[in-house]
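Let's take a friendly walk through the contacts in this model. Have the sequence and the structure open as you read.

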2 protein chains.
Amino acid sequence: MTTPRAERTRARLQACALELFTAQGYDATTVEQIATAAGVSHMTFFRHFPTKESVLVEDPYDPLIAEAVRAQPTDLPPLERVRRGLLGAWSAVPPPVDAETRKRVSIMAVHPGLRAKAWENNQRTEQVIVEALMAAGTSRLEATVAAGACLGAIMAALVQWGTTDDDAPLGAYIVTAMTQLDPTGGPR
Amino acid sequence: MTTPRAERTRARLQACALELFTAQGYDATTVEQIATAAGVSHMTFFRHFPTKESVLVEDPYDPLIAEAVRAQPTDLPPLERVRRGLLGAWSAVPPPVDAETRKRVSIMAVHPGLRAKAWENNQRTEQVIVEALMAAGTSRLEATVAAGACLGAIMAALVQWGTTDDDAPLGAYIVTAMTQLDPTGGPR
DNA sequence: CCAGGAAATGTTAGTAACTAACATTGCGTC
DNA sequence: GACGCAATGTTAGTTACTAACATTTCCTGG
């Protein structure tokens, strides 16, 4: 039900923000500047994005991931279920990764504060995975640890992908990360 | 070389902060209030702690961890080296965990923003582990993923310990977390 | 005991990310 | 073309944090 006008200003804000961030750096860019560049006031910015960082992130894949984890056979250990679930979710519905995505990740990857904020998002994903596991009888501690480990690994891979020059696809990094958590050592 | 006077005000600030946080919540407590409670100005607060959150955290164990990881046999896979290193560092020099520590962790555990900030600290630890692994010839990607996975698991265990009522020692949670990453399934 | 100097703290003024309350403008519908 | 609601603007705050400079406190040597 989002109005087309709102959607346009939202996109404009995102584009201007990305441009300014790459041009002069994240910290050196103020919300006021972004808003002005997009032709709106700073209040409008905050109506579309709750925080300055949120203009860089968006990640509506949580339900998908939860489903993929839930679909794993319950006789596997929790860590393995999360590992296969994440891998499966990725290969089933690979999110679009374009040049803009890369730019966004790059900005985040080199900025400790932003990486931390990105982790805040991860926490929501973690919650979702934990619930999926607990629904199958796993204890909360085991579930949280399994989710934390896998997401920690994926986050690390994401940051690496964002800082390297090499133009391998993000998917390759994700697969590497998850394979490393394979107790069998995975395919060699 | 820290002067005794400075050390005392630092401690006073920490104590007052903890008290106010537990009494009225982290967000509802202003730095000004903490400073006033400690009998100093807000500038003094920031001279001792770079940010508001930093009054809750401190974690000078990075060198220890790096050493423990470095000491692992290099023919083990990276993840296993980190896993054993962290487990070893913990059992070798368990940090003092008192009621105050628990209070601090509790405050952090229920506050998403604070958890994210705590992750910012983790990143420094991650860096240290990555360097230790790379010194033994591991690729940066593999090293980062191994460190990210283990720290993600430990972080998850820490948060669980901070939110549960059960008074099991933190060490038990850490061991559980690391055991879950054991590819052999660990001791049953 | 007191003077000198450095470390710790205070004062003041400023920036930037947010928030709340209320006014205004644009845009589709009847 | 008026009406009504969503999107935006204005204004005035609060709070974390920084910089520059003034002041106090405390230790040390004479």
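## What counts as a salt bridge

A salt bridge here is a side-chain nitrogen of Lys or Arg within 4 Å of a carboxyl oxygen of Asp or Glu. Please keep in mind that this is a predicted model.

## Two domains in chain A

The domain assignment divides chain A into domain 1 (4–52) and domain 2 (56–180). Their contact takes seven residues from domain 1 of chain A and eight residues from domain 2 of chain A. Between the C-alpha centres of the two domains lie 27 Å.

Together the two domains bury about 690 Å², with 69% of that area from carbon and sulfur atoms. On the domain 1 side, A:Gln14, A:Leu18 and A:Tyr26 lose the most area, together 60% of what that side buries.

How many salt bridges cross this interface? The rule finds one. A salt bridge also joins the side chains of A:Glu58 and A:Arg10, at 3.2 Å from N to O. Three residue pairs are in polar contact across the domain interface, and the domain 1 side is made up of three nonpolar, two polar and two charged residues.

## Where chain A meets chain B

Here 29 residues of chain A touch 29 residues of chain B. The buried area is about 2400 Å², and carbon and sulfur atoms give 69% of it. A:Leu141, A:Val145 and A:Gln180 supply 25% of the area that chain A buries, more than any other three residues.

Zero salt bridges are found between the chains, while two residue pairs are in polar contact. Helix 8 (140–163) is one of the helices of chain A that supply at least two residues to this side, and helix 8 gives the most, with 13 residues. By class, the chain A side holds 16 nonpolar, eight polar and five charged residues.

Note on methods:
Residues numbered from 1 in each chain as written. Chains lettered and ligands numbered in written order. Predicted model: local features only at pLDDT ≥ 70, side-chain atom pairs only at ≥ 80, totals over all residues. Heavy atoms only, no water. Domains from an automatic or database assignment. Contact = heavy atoms within 4.5 Å. Buried area = accessible area lost by both parts, 1.4 Å probe. Polar contact = N/O pair within 3.5 Å; in protein donor to acceptor, adjacent residues only side chain to side chain. Nonpolar A, V, L, I, M, F, W, Y, C, P; charged D, E, K, R; others polar. Helix = DSSP H or I, 4+ residues; strand = E, 2+ residues; numbered from the N terminus.
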